[in-house]
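Please look at the sequence and the structure before reading on.

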Amino acid sequence: YQRMVLAARPRGAVQVGNFRLETVEARALEDGEVLVRNEWLSLDPYMRGRMSEAKSYAVPQALDETMIGATAGYVVASRDAHFAVGDAVTGMLGWAEMGIAAGDALRKVDTARVALSAYLGVAGMPGVTAWYGLHEIMRPRAGETIVVSAAAGAVGSVVGQLAKRLGCRAVGIAGGPEKCRYVVEELGFDACVDYKAGNLKADLKAATPDGVDGVFENVGGVIFDTTLTRMNAFGRVALCGLIAGYNGDPQPLHNLKSILLNRLTVRGFIITEHPEVWPAALADLEPLVAAGQLKYRESIADGLASAPAALVGLLSGANFGKQLVHLP
Ligand code: NDP
């Protein structure tokens, strides 16, 4: 089967040439192990961090090894009594068409009501991230205004829809008129500001007439800096991601004083450190997805060979919704 390894660490932006496709043989299973044919590979912004050697909350991706990644697929052989051939599972089998995992590192999923791919998005890590940052960190009340950046993306799209369910005014920030139209008309946000239109400060002010009580920050840079100018007293910032700076470009922060003047709470979080919230989060998310009350959109790249270009695209906004790779 084919796998993609990290061939070289990027300097600045990720290049397609940082990766190398290889063909390898599957080894024999040991007791407790399961062989999975991956149908979907999830591409996520954290992968940019793993490609570097800089100190982080996680160890760097090793060179010449299968690139890390979440996958969804079907069991093709099993030496764990809990898994049978044909079971649908998610795991961390990486950028590969097949993989072997210990049974306890796999999650069996029900594809009868929720599509397999959605367990990598709205009913998976990005959905749980949105749920946790909103409910456990920002904790908005009905009537408050919340702002979420990268609003058309995997995490942001869930944040705004959940905030609407809490009775908040949900305002998105996204790149381009098409994404903004989707955020308002399909996802039901109250407003969406296109930061590429060139009037971010004025447009965000118009979209938040009562100021901002909660921020779910996915981008950083000019976007977060501008949002700080709209904060109300005792606002909360759930700092989820800073994608605008992942390639190492310096990021402006001129409005730091807003944190002091408005007595803001700013709290970062890393969702993998909170495995205990998954059951409660998924108990909320899965039925909403199954009932069509939590909408999502996917950008699908075809085949493992297209994964590097799709990751480059994700890190520059070419994706529209959850970025996946379909492995035929
Ligand atoms: P998305 O589906 O939102 O895709 C990334 C989006 O980020 C792009 O579509 C683009 O949207 C925007 N973007 C990319 N580059 C830039 C840039 N240079 N400047 C401004 N915007 C940019 O990805 P996810 O939903 O998976 O992730 C969203 C954020 O959440 C990321 O920052 C990620 O690191 C973070 N995250 C954090 C977790 C945690 O535990 N803390 C867990 C999961 C995700 P647009 O076209 O609108 O600009």
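## The shell around the ligand

In this predicted model, domain 1 (2-120 + 297-326) and domain 2 (125-272) each supply at least three residues to the shell around the ligand. The ligand is surrounded by 29 residues. The closest of these are Gly153, Ala154, Gly175, Gly241 and Gly317. The largest share comes from α3, with three residues.

The protein chain is divided into domain 1 (2-120 + 297-326) and domain 2 (125-272). Taken over C-alpha atoms, the centres of domain 1 and domain 2 are separated by 28 Å. Domain 1 puts 12 residues into the contact, and domain 2 puts in 14 residues. On the side of domain 1 that touches domain 2, six residues are nonpolar, four are polar and two are charged.

## The chain as a whole

The protein chain has nine helices and 15 strands. Its C-alpha trace spans about 60 × 45 × 30 Å along the principal axes. A compact globule of 328 residues would have a radius of gyration near 20 Å, and the protein chain agrees with this because its own value is 20 Å.

Of the 328 residues in the protein chain, 45% are buried. Among contacts in the protein chain with a separation of 6 or more, 66% are between residues 24 or more positions apart.

## An annotated span

The UniProt record, an unreviewed entry, carries the annotation "domain: Enoyl reductase (ER)" for residues 17-325. In the model, this span is 27% helix and 25% strand. The C-alpha atoms at the ends of residues 17-325 lie 18 Å apart.

Val75 belongs to strand β4 (residues 71-78). Is Val75 buried or exposed? Val75 counts as buried because 20 C-beta neighbours lie inside 10 Å, and 20 or more is the cut-off for that class. Leaving out residues up to four places away in sequence, Val75 touches Val34, Val36, Phe83, Ala84, Val85, Gly86, Asp87 and Val89. One of these, Asp87, is 12 residues from Val75 in sequence, and the two C-alpha atoms are 5.3 Å apart.

Asp87 and Val89 are also in contact with Lys108, when neighbours of Lys108 within four places in sequence are left aside. Lys108 is part of strand β7 (residues 107-108). Lys108 has 13 C-beta neighbours inside 10 Å, so Lys108 counts as partly exposed. Lys108 and Lys164 are 56 residues apart along the chain, and 30 Å separates their C-alpha atoms.

## Ala118

Ala118 is placed in the loop between β7 and α2. With 25 C-beta neighbours inside 10 Å, Ala118 counts as buried.

Which residues does Ala118 touch, not counting residues up to four places away in sequence? They are Ala123, Val289 and Tyr296. Ala118 and Glu286 are 168 residues apart along the chain, while their C-alpha atoms are separated by 9.5 Å.

## Two residues with positive phi

Most residues other than glycine have a negative phi. Ala150 is not a glycine, yet its phi is positive, about 50°. Phe234 is not a glycine either, and its phi is positive too, about 60°.

Where do these two residues lie? Ala150 is in the loop between β8 (145-149) and α3, whereas Phe234 lies in strand β12 (residues 231-239). Ala150 counts as buried because it has 27 C-beta neighbours inside 10 Å. Phe234 counts as exposed because it has 10 C-beta neighbours inside 10 Å, and the cut-off for exposed is 12 or fewer.

Note on methods:
Residues are numbered from 1 along each chain as its sequence is written. This is a predicted model: local features need pLDDT of at least 70, side-chain atom pairs count only at pLDDT 80 or more; totals for chains, interfaces and linings use all residues. Helices (H or I, at least four residues) and strands (E, at least two) are DSSP runs, numbered from the N terminus. The radius of gyration is taken over C-alpha atoms; the globule rule is 2.2 Å times the number of residues to the power 0.38. Two residues are in contact if their C-beta atoms, placed from the backbone, lie within 7 Å. A residue is near a molecule or strand if its C-beta atom, placed from the backbone, lies within 6 Å of it. Domain bounds come from an automatic or database domain assignment. UniProt positions are given in the numbering used here, feature names are shortened, and annotations may be inferred rather than shown by experiment. Ala, Val, Leu, Ile, Met, Phe, Trp, Tyr, Cys and Pro count as nonpolar, Asp, Glu, Lys and Arg as charged, and the others, Gly among them, as polar.
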